[in-house]
Amino acid sequence: MATIEELCREHDLLTLGKDNIVRVPFLIKGTLRVPPVVGMDRIQEAFSAKEEATGKPPNAVTTVRLEDAQVLREPIMDRETMRTTDEFVYQVLPAFDAEELIERDFDRVVDELYNLPFEEVLDFLGKLSSALSSCPELLDALQQVFRRTATVADMYIDFSFTSLGYLLNPDAAREMVDSELSSFGIQGSRFMDNWVQVSDTSMDGLSGQLCPTEAKETSGDYKSPEKMYLRAMPTRQLHLTAGNAPAIPIISTCRAISLKSPAVIKSPYGATLGGALVSLAACAVAPDHPSVRNLSIVYWPGGDESVEDVFFGAEAFDRIVIWGAPDAVASVKRRALFTKLVTLNPRYGMSWIGREAFENGEYKEAARRAAIDTMVWNQKACIASSLHYVEGDENQVMAYAEAVQKELAEWDRVAPNFLDPSAQGQIRRLRRGKLMNAQWLVNKQNEGDKKNEGISSVVIVVKGEFDMMDHTLSRMVIVRPVSRLEDALPYLNNSVSTVGLFPESRRMELCDRILARGVSTSYPLGMADRMSTGLAHDGMKVYSELMDWKNR
Amino acid sequence: MTEDKELGRVLEIHDALREVTQAWVRSEDWDEEEAQRLREEAVLLNHKRYFRSIPAYRALAEDVGVDENVTDVEVIKADLMFATDIFKSYDPTLIDNADWQQMTVWLRTVFGGELPGDYSNIESLEEWLAKLMEAELNIMTSSGTSGQYSFVPRDMNTRMALMMNSALVFQPFFAKVLENISEYDAAILNFSSGSAGVQAASNSIGNIVQTAHYLYDMHMPADAVRVLQRGPKNDEERKFIEEFERVMTTEKDLRYEVMLDNIRASLKKGKKILMQGACYQLKELCTKAVEQGSVILPEGSILLFGGGWKTFEGEKMGKTELLQVIDAAFGLKGDSAIEGYSMIEMNTMMTCCSEARFHIPPLIEPIVLDEDLLPKPGAGHRGIFGFLDPFALSYPGFLISGDEINLWHGECSCGRKGYAIDGEIQRVAGKEVKGCGGVMASVKA
């Protein structure tokens, strides 16, 4: 069997080649599909034609489809200024036919995958995890490729790559399955592997009891199944992932593998390399393993009807998991009418600071913790804090806002923000428009360099309501003064994922009232992204949602 | 130079620009350089006036280190343009709390005049607007797509400029109509009264004809959208919502049928029709007319439509397709079906030509900005539409819209030359959300 590095060398994959071209493979039901060799002339021609046809500028045309390949175009970042340049990295990916990814042979998957002992799945995950941890040179090289176009600071990239092995950790997978699928005090993995007896008594339903004719005693066993059995049956899953972190498609892959599910994972634009890496690792360690033979990791541009009309059709999948961007979630909800959706809707987090922070002189600590919650995956994660409600007088609120500004300035120093032109434009629009009368505390990046100067982070003290559609989700903190924290309760709804509170006494006091309003999580301030297995995600036990619970 | 003297010269320039525009309207030759020079002179004079009288403008200028003496219009384009959202820069809860005194204090920040008087006893938005009107301040409102109102304060000079400029742009289409107005009845796909910006055009048409048929024969209160968005607070509001839902939903089909019956009745009386409406309503009316076998209007009838699709994006129809439906329904085509484009912050209109270009009259200076909101020089770009409006005398007229356009410049085969918006106008795209953070729709927090 070839190693990951050997597969890369053999097929010239995942290295930055001539003309900044990177060849990225897919996994299609256990087979590594490598892209064809495509030269720069053909790529340029395709992009120019699309630009002309759509009237869009080069930076707005990000994908083209060739007869036998897809090409993604991502602008190269200047890591010094964190501005995009006019140069691009081109990822060449293989083409695929949507129909070939769909699993319709139920008998085969029952035999091969659904009845596969969970221990064998964990064994495979362990091998996958080890393979990814034992190729540091390849990971380092891949990290350099990712860094060319990544719109997050280096420290986020470093963390993502060092945690790859952990994401596929079999012990964590066992704990997730055992806790999330647990029922009747029985560990979840038992329900996945077998029918589990959960009751030894049952009674006839209404109709059975009212039946006017008498039963004939025949074989005598027609009434015997009084014992009731429950099983968590795997499902055929489509995971539409979002985000620009290489880890996200890997988390989805881990979920699908752990749950013994035939799955198609769509890598997001900006993070196709993580999925490709797992594809290579799977083919390297166990190409014939049932988990691999029933797994596909691919990319297509969101909205591509030639793919999505097939995938969203009736009976194509049992579950569609959709993360992220509002348009994508709304579009899938509208089109996939016959498939059960597990939607991880776009949401946002909040921080609530009680007046005790000022009475005890702890507001700087509150600001430090609130900044930690703000910076969860550079404020792009749904649990990241975007609004801070502060109970205090005008001076106290300003002192808090200034403390948050200082904290964010420190984050900016160690992890410079991507100066996204559209976020810069939005900040300018708010400052010269709707939030003209607000108080603005601005941290700048590349100060003095007129061409590259921009706002890296900003704290805005807003006295009135704020429309979340105006938020950049890029190191923007809206501070809203309130005379009582309870005044912020009307602004809670199911769009709010997490509320972090300070101090703890106020969290205990308000927790249930906050959570009753659609919020999923209330943690101590500064702990928005703390992790533990078996906890709810967006109000759901996601592993449980991904299974079909069956009675026998 | 005193402020009066500057205003006098600005008004002279307005007349000069309208003179140039007369030639533009007739597709005759006109001096582009002279028009540009006039616009720039007025813009620089208005900068001085704004700096002295509009607090928000002065604050922005001081923030970027600019005083009242600006001699280069490029400085204004780069640093002194406001987003049109400036007219929404108040705390929306002031409206919910009926705090009209504080709303007046806010209004003063974007308005270049005094607003003396006590507004604390005012009870409703309508009453507030009426009291401001008594002070000769016309506030045009728009709820936009977010549901938060814009309030654009026009003094009488600015209001007059809007009316004169719009009339000038529509002259080629409406001159004959106005000469023979007694021959026309109006079919207006709107409410019979209200203070929203789009209602102003409806009211203007409704007021000049003998008989005007309205799609909704009810008054649209100024605060209707806010009430609908936040839900009713009292019986009166509850009653309004019920009435609104009845008219807009339950009776929707019936309303279109009644409108078609009214049009037929006017035709029987030998009248021509002056029709006006938004794209989505027009589509629905045309569909109903075609279902009923068409209602061909007599020659000389005119349709004015526009306003895009806004929250009716799901019903959007391509321009060519819409024109085909209009022709099939009413037999209106070419110069008889005029698509207009404007916004309540702008003091002119644009009309779409046979080449699908909205020609920008020489009255305003168009600008395209990149997504960073920095101006791109010249034309031939796609970007965010901004403009310098020399006719905005009482509010900052250097504005960045929420629309994305292709700015074109040249001699069009329709006969007009100068700047135009070429092709489709789109709302500026929402931010790309990478990750799971964000919101599905407008959420107040």
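This report describes selected features of a predicted model with chains A and B.

**The two domains of chain A**

The domain assignment divides chain A into two parts. Domain 1 comprises residues 4-12, 25-32, 97-177 and 234-344, while domain 2 spans residues 348-524. A distance of 33 Å separates the C-alpha centres of domain 1 and domain 2 of chain A. Eight residues of domain 1 and nine residues of domain 2 take part in the contact.

Between domain 1 and domain 2 of chain A, about 780 Å² of area is buried, and carbon and sulfur atoms give 72% of that area. On the side of domain 1, the residues that lose the most area to domain 2 are Thr151(A), Met155(A) and Tyr156(A), which together account for 62% of what that side buries. Two residue pairs in polar contact are counted between these domains, both at pLDDT 80 or more, whereas the count of salt bridges between them is zero.

**The interface between chain B and chain A**

The size of an interface is often given as the accessible area lost when the parts come together. For chain B and chain A, the buried area is about 3,900 Å², with carbon and sulfur atoms giving 57% of it. The contact involves 46 residues of chain B and 50 residues of chain A.

Three salt bridges are found across the interface of chain B and chain A. One of the salt bridges in the model joins Arg83(A) to Asp372(B), with 3.5 Å between the closest N and O atoms. Seven residue pairs are in polar contact across the interface of chain B and chain A. Several elements of chain B each supply at least two residues of the side that touches chain A, including helix H3 (55-63), helix H4 (73-79), helix H6 (100-110) and strand E14 (398-411).

**Helix H6 of chain B**

Apart from neighbours within four places in sequence, Thr104(B) is in contact with Leu115(B), Tyr119(B) and Trp128(B).

**Other individual residues**

In chain A, helix H6 covers residues 136-149 and holds Arg147(A). Arg147(A) counts as buried because its relative accessible area is 14%, under the 20% limit. The side chain of Arg147(A) is in polar contact with the side chain of Asp154(A) at 3.1 Å. When residues up to four places away in sequence are not counted, Arg147(A) touches Arg79(A), Asp154(A), Ile157(A) and Asp158(A).

Met343(B) occupies the loop between strand E8 (337-341) and strand E9 (350-352) of chain B. Its relative accessibility is 15%, so Met343(B) counts as buried. Although Met343(B) and Thr84(B) are 259 residues apart along the chain, their C-alpha atoms are separated by 9.5 Å. Leaving aside neighbours within four places in sequence, the contacts of Met343(B) are Phe385(B), Phe387(B), Ser401(B) and Asp403(B).

**Cysteines**

The count of disulfides over all chains is zero. Cys279(B) is in no disulfide, and the nearest cysteine sulfur, that of Cys286(B), lies 10 Å away. Cys414(B) is likewise in no disulfide; the nearest cysteine sulfur belongs to Cys412(B), at 3.5 Å, and a disulfide requires the two sulfur atoms to be within 2.5 Å. Cys279(B) is buried, with a relative accessible area of 3%, whereas Cys414(B) is partly exposed at 29%.

The table gathers the accessibility of the residues discussed individually.

| Residue | Relative accessible area | Class |
|---|---|---|
| Arg147(A) | 14% | buried |
| Cys279(B) | 3% | buried |
| Met343(B) | 15% | buried |
| Cys414(B) | 29% | partly exposed |

Methods
Residues are numbered from 1 along each chain as its sequence is written. Chains are lettered from A and ligands numbered from 1 in the order in which they are written. This is a predicted model: local features need pLDDT of at least 70, side-chain atom pairs count only at pLDDT 80 or more; totals for chains, interfaces and linings use all residues. Side-chain values use heavy atoms; hydrogens and water are left out. Helices (H or I, at least four residues) and strands (E, at least two) are DSSP runs, numbered from the N terminus. Buried means under 20% relative accessible area, exposed over 50%, partly exposed in between (1.4 Å probe, protein chains only). A polar contact is a pair of N or O atoms within 3.5 Å; within protein, one must be able to donate a hydrogen and the other to accept it, and residues adjacent in sequence count only if both atoms are side-chain atoms. Contact means heavy atoms within 4.5 Å. Domain bounds come from an automatic or database domain assignment. Buried area is the accessible area (1.4 Å probe) that two parts lose on being put together, summed over both. A salt bridge is a side-chain nitrogen of Lys or Arg within 4 Å of a carboxyl oxygen of Asp or Glu.
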